[in-house]
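Me: Hi! I've got a structure open here and would like to talk it through with you. Could you take my questions as they come?

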Amino acid sequence: MKFEEAAKFGTYISKSFAKDVFRLLNNYRDISASEAASRLGMHIQTVQDFLEAMADLGILDKKEAIERKRPYYRFTLKTQKIVFELDLIEELRNTKGNSIEDSKIREKKNAGVRFSLARNGQYFSNVAIWVGKGRARSEKKISLTTAQGKFLYNLPFPDGEHLSLEEIRVKSGVELDDMPEIKDLVEELIQYKVIEAKSL
């Protein structure tokens, strides 16, 4: 199931009336939105939206019927078991592909950022960024993991040579297993114009 589909499914399955609608679908060979709404004492559009969403997700079968020359839809339960599976590795993969991995980075000049050292002085513990403009300007503080702190501690200065993520990783002694959280942070700091990137 795609992330968007899972979100849609979660939204509708959490409705207080969801179980009652599925009970009707399980007991009737097929049912229309108006029949279900009448049976449950609900607004027809509320039931219609629910049934349409479940049909879009492939849980219900939707067939057109005609009554007094007016078309409408009847819904049938396609399965009595819904298996909910969401592959987070695949779904949460960076939508930009490997663009960050294929870039070299360094701190952006005049970024207006403040790095705070951890007590041992070997890595950063947090980074503070000014966001917004004028009176709406506010400080955003990001707490760093040890791996992120070590990585940023070795981030090239604005006048330094751009380095790849792998070069900085090796220099900072960060493990490969920590790279997903490093990439997540780097992408966010690029958005806030704290880090600048250039293609390899």
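Me: Let's start with lysine 193: buried or exposed?
Reply: Lysine 193 is exposed, since its relative accessible area is 55%. The cut-offs are under 20% relative accessible area for buried, over 50% for exposed and partly exposed in between, with a 1.4 Å probe and protein chains only.

Me: Thanks! And where does lysine 193 lie?
Reply: Lysine 193 is in the loop between α8 (179-191) and β9 (195-199). Helices (H or I, at least four residues) and strands (E, at least two) are DSSP runs, numbered from the N terminus. The phi of lysine 193 is near 60°, a positive value in a residue other than glycine.

Me: Before I go on, what kind of model is this, and what pLDDT do local features need?
Reply: This is a predicted model, in which local features need pLDDT of at least 70 and side-chain atom pairs count only at pLDDT 80 or more, while totals for chains, interfaces and linings use all residues. Residues are numbered from 1 along each chain as its sequence is written, and side-chain values use heavy atoms, with hydrogens and water left out.

Me: Good to know. What is phi near in asparagine 110?
Reply: Phi of asparagine 110 is near 55°, again a positive value in a residue other than glycine. Asparagine 110 sits in the loop between β4 (103-107) and β5 (113-117), and it counts as exposed because its relative accessibility is 73%.

Me: Zooming out, how is the protein divided?
Reply: There is a domain 1 (3-77) and a domain 2 (95-199), with bounds that come from an automatic or database domain assignment. Their C-alpha centres lie 48 Å apart.

Me: How many helices and strands are there in the protein?
Reply: The protein has eight helices and nine strands. It is more spread out than a compact globule, because its radius of gyration is 26 Å, well over the 16 Å that the globule rule gives for 200 residues. That radius is taken over C-alpha atoms, and the rule is 2.2 Å times the number of residues to the power 0.38.

Me: What box do the C-alpha atoms fill?
Reply: Roughly 75 × 40 × 35 Å, taken along the principal axes.

Me: And how much of the protein is buried?
Reply: Buried residues make up 34% of the 200 residues. The protein exposes about 13300 Å², of which carbon and sulfur atoms supply 46%; the areas come from the Shrake-Rupley method with a 1.4 Å probe, and for residues only the protein chains shown count as cover.

Me: Let me pick a residue in domain 1. Where is the place of phenylalanine 75?
Reply: Phenylalanine 75 is in strand β3 (residues 70-77). It counts as buried, because its relative accessibility is 0%.

Me: What does phenylalanine 75 touch?
Reply: Leaving out residues up to four places away in sequence, phenylalanine 75 touches a list of residues including Leu25, Ile31, Leu51, Ala55 and Leu60. Contact here means heavy atoms within 4.5 Å. As for glycine 134, 59 residues away along the chain, its C-alpha atom is separated from that of phenylalanine 75 by 55 Å.

Me: How about valine 21, which helix is that in?
Reply: Valine 21 lies in helix α2 (residues 18-27), and it counts as buried because its relative accessibility is 1%. Neighbours within four places in sequence aside, valine 21 is in contact with Leu40, Phe50 and Leu51. From valine 21 to phenylalanine 50 is 29 residues in sequence and 8.7 Å in space, C-alpha to C-alpha.

Me: Last one! Asparagine 154, buried or exposed?
Reply: Asparagine 154 counts as buried, because its relative accessibility is 16%. It is found in the loop between α6 (146-153) and β8 (163-164). Not counting residues up to four places away in sequence, asparagine 154 touches Ile168, Lys171 and Ser172.
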